[in-house]
Amino acid sequence: MDIISVAHAAEGAPAAGGDMSMLIILVVCMVAVYFFVMRPNNKKRKEMQKLLDGLAVGDEVLTNGGIAGKVVKLPDNKDYVMISVGKDVILQMKRNYVVAVLPKGTLEAV
């Protein structure tokens, strides 16, 4: 019995500084995730929203599917955009499928 009680006494209580260091590491990891993942994602989302809000009739755009065309109409509902992709071919697409506004004259060059 004496050996067992000595073994328990050797274990002792855990160091109090161990809990605080884990908390510091957790906070540092959360800050790193914010700066490396969340902040750039929010910045990219704001830039994309600014691009979509600035769409105008006559802009040459590129869609998520790789379709390049010219904006011919922006309906009032703000969810869709009408894009002309060829002679007498007009597509109605969701506005958030537009990924880039091309420089003027890009479609004529192709």
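Which residue forms a salt bridge with Asp 59, and how far apart are the closest N and O atoms? I opened the notebook with this question and went through the predicted model from there.

**Entry 1: the salt bridge**

I looked up the charged pairs and found that the structure holds 1 salt bridge. Asp 59 forms this bridge with Lys 104, and the closest N and O atoms are 3.4 Å apart. I then placed both partners along the chain: Asp 59 sits in the loop between α2 (17–53) and β1 (60–63), and Lys 104 in the loop between β5 and α3 (106–109), so the pair ties together parts that are 45 residues apart in sequence. I note as background that side chains of opposite charge can pair when their charged atoms come close.

Are the two partners buried or exposed? I find Asp 59 buried, because its relative accessible area of 13% is under the 20% cut-off. Lys 104 counts as exposed, because its relative accessibility of 61% is over 50%.

**Entry 2: the chain as a whole**

I next recorded the secondary structure, which comes to 3 helices and 5 strands. Along the sequence the pattern reads α-α-β-β-β-β-β-α. I also noted that 14% of the 110 residues count as buried. The accessible surface comes to about 8,700 Å², and carbon and sulfur atoms account for 64% of that surface. For contacts between residues at least 6 apart in sequence, I recorded that 41% join residues at least 24 apart.

**Entry 3: residues 20–38**

I consulted the UniProt record for this stretch. The unreviewed entry places the feature "transmembrane region" at residues 20–38. In the model, the span is 100% helix and 0% strand. Its end C-alpha atoms lie 26 Å apart. I place the annotation within α2, which covers 17–53.

**Entry 4: the sheet**

In what order do the 5 strands of the open sheet lie? I read the order as β4-β3-β2-β1-β5, with antiparallel pairing. The edge strands are β4 (89–94) and β5 (98–102), each of which pairs on one side only. From one strand to the next, the twist averages 45°.

I then followed β3 and β4 in detail. Strand β3 covers residues 80–86 and pairs with β4 in the antiparallel sense over 6 bridges. Within this pairing I located Met 82, which stands opposite Gln 92 in β4.

**Entry 5: positive phi angles**

Which residue takes a positive phi in the hairpin of β3 and β4? I find Asp 88, with phi near 60°, in a hairpin that has 2 residues between the strands. Asp 88 has this positive value although it is not a glycine. I checked its cover as well: Asp 88 is exposed, with a relative accessible area of 74%.

Lys 78 is found in the loop between β2 (68–73) and β3. I classed Lys 78 as exposed, because its relative accessible area of 57% is over the 50% cut-off.

**Entry 6: what I carry forward**

Note on methods: Residues numbered from 1 in each chain as written. Predicted model: local features only at pLDDT ≥ 70, side-chain atom pairs only at ≥ 80, totals over all residues. Heavy atoms only, no water. Pairing = 2+ DSSP bridges. Helix = DSSP H or I, 4+ residues; strand = E, 2+ residues; numbered from the N terminus. Axes fitted to C-alpha atoms, helices over the stretch in contact; angles between N-to-C directions. UniProt positions renumbered as here; feature names shortened; annotations may be inferred. Buried < 20%, exposed > 50% of the residue type's maximum accessible area, 1.4 Å probe, protein only. Contact = heavy atoms within 4.5 Å. Areas by Shrake-Rupley, 256 points an atom, 1.4 Å probe, with all protein chains shown as cover. Salt bridge = Lys/Arg side-chain N within 4 Å of Asp/Glu carboxyl O.
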